[in-house]
Amino acid sequence: MKNTRPTPVRVGIMERRRPELVSVLPIRHLNQLERLWRAAKSSLVVMGVLLLLGNLAILMIPIPHFHLCLFPLAFVLGPIVAIMSWRDRVLFSQTDLPCPRCQKNVTIPEGLGGWPARFNCDSCAAMVELNEA
């Protein structure tokens, strides 16, 4: 992956009572064009799926409430999802690191993005949080 460079990351859990670990992980830093492309794709996918479901539902169940509610919802949720996707400045690659609570290896999901990045440990179900160090 291009723009991938090792970056120090603080690995902690949501409780904040336990000490944090510092690890160096390969992180892909997104430029403005990549962020814009990801936001546009996610917005179009959300709006397209909701509009397709709305058209199929109106054909199967002719109730006007589907048009009244689902189509404006598609045009509201699309930009919201795009804004949330635009805010992600980094993407994590799939990597193993120790859980701060149980010390077992946890796999970071592929394509996890943003600061702070959060995911659950597979063994102890603790919410692991990755912050910029």
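**Core, helices and salt bridges in a predicted model**

Leucine 112 makes contact with Val90, Leu91, Phe92, Ala117, Arg118 and Phe119, leaving aside residues up to four places away in sequence. Leu112 is among the residues with the most contacts inside the largest nonpolar core, along with Leu25, Phe92, Ile108, Phe119 and Leu130. That core has 14 residues. In soluble globular proteins, nonpolar side chains tend to be buried together.

Now for the helices. Helix α2 takes in residues 65-86, 22 residues in total. From first C-alpha to last, α2 reaches 32 Å, close to the 32 Å expected at 1.5 Å a residue. Its buried residues are Leu70, Phe71, Ala74, Gly78, Ala82 and Ser85, and what covers them includes helix α1 (32-60).

As for charged pairs, two salt bridges turn up in a search of the whole structure. One of them joins the side chains of glutamate 34 and arginine 28, at 2.7 Å from N to O. Both partners fall under the 20% cut-off for burial: glutamate 34 counts as buried because its relative accessibility is 14%, and arginine 28 does so at 19%.

The other pairs aspartate 88 with arginine 38, with 3.9 Å between the closest N and O atoms. This pair ties together distant parts of the chain, 50 residues apart: aspartate 88 sits in the loop between α2 and β3 (90-92), and arginine 38 belongs to helix α1.

Finally, the surface. Leu52, Leu56, Leu59, Met60, Ile61 and Ile63 form a nonpolar patch there, and together they have about 620 Å² of accessible area. One of these residues, leucine 59, lies in helix α1. Leucine 59 counts as exposed because its relative accessibility is 70%, against a cut-off of over 50%.

Technical notes:
Residues are numbered from 1 along each chain as its sequence is written. This is a predicted model: local features need pLDDT of at least 70, side-chain atom pairs count only at pLDDT 80 or more; totals for chains, interfaces and linings use all residues. Side-chain values use heavy atoms; hydrogens and water are left out. Helices (H or I, at least four residues) and strands (E, at least two) are DSSP runs, numbered from the N terminus. The expected span of a helix is 1.5 Å times one less than its number of residues. Buried means under 20% relative accessible area, exposed over 50%, partly exposed in between (1.4 Å probe, protein chains only). Contact means heavy atoms within 4.5 Å. A salt bridge is a side-chain nitrogen of Lys or Arg within 4 Å of a carboxyl oxygen of Asp or Glu. Patches are made of residues with over 30% relative accessible area and no salt bridge: like charges are joined within 9 Å, nonpolar side chains (Val, Leu, Ile, Met, Phe, Trp, Tyr) within 5 Å. Accessible areas come from the Shrake-Rupley method with a 1.4 Å probe; for residues, only the protein chains shown count as cover. A nonpolar core is a set of buried Ala, Val, Leu, Ile, Met, Phe, Trp, Tyr and Cys residues joined through side-chain atoms within 4.5 Å.
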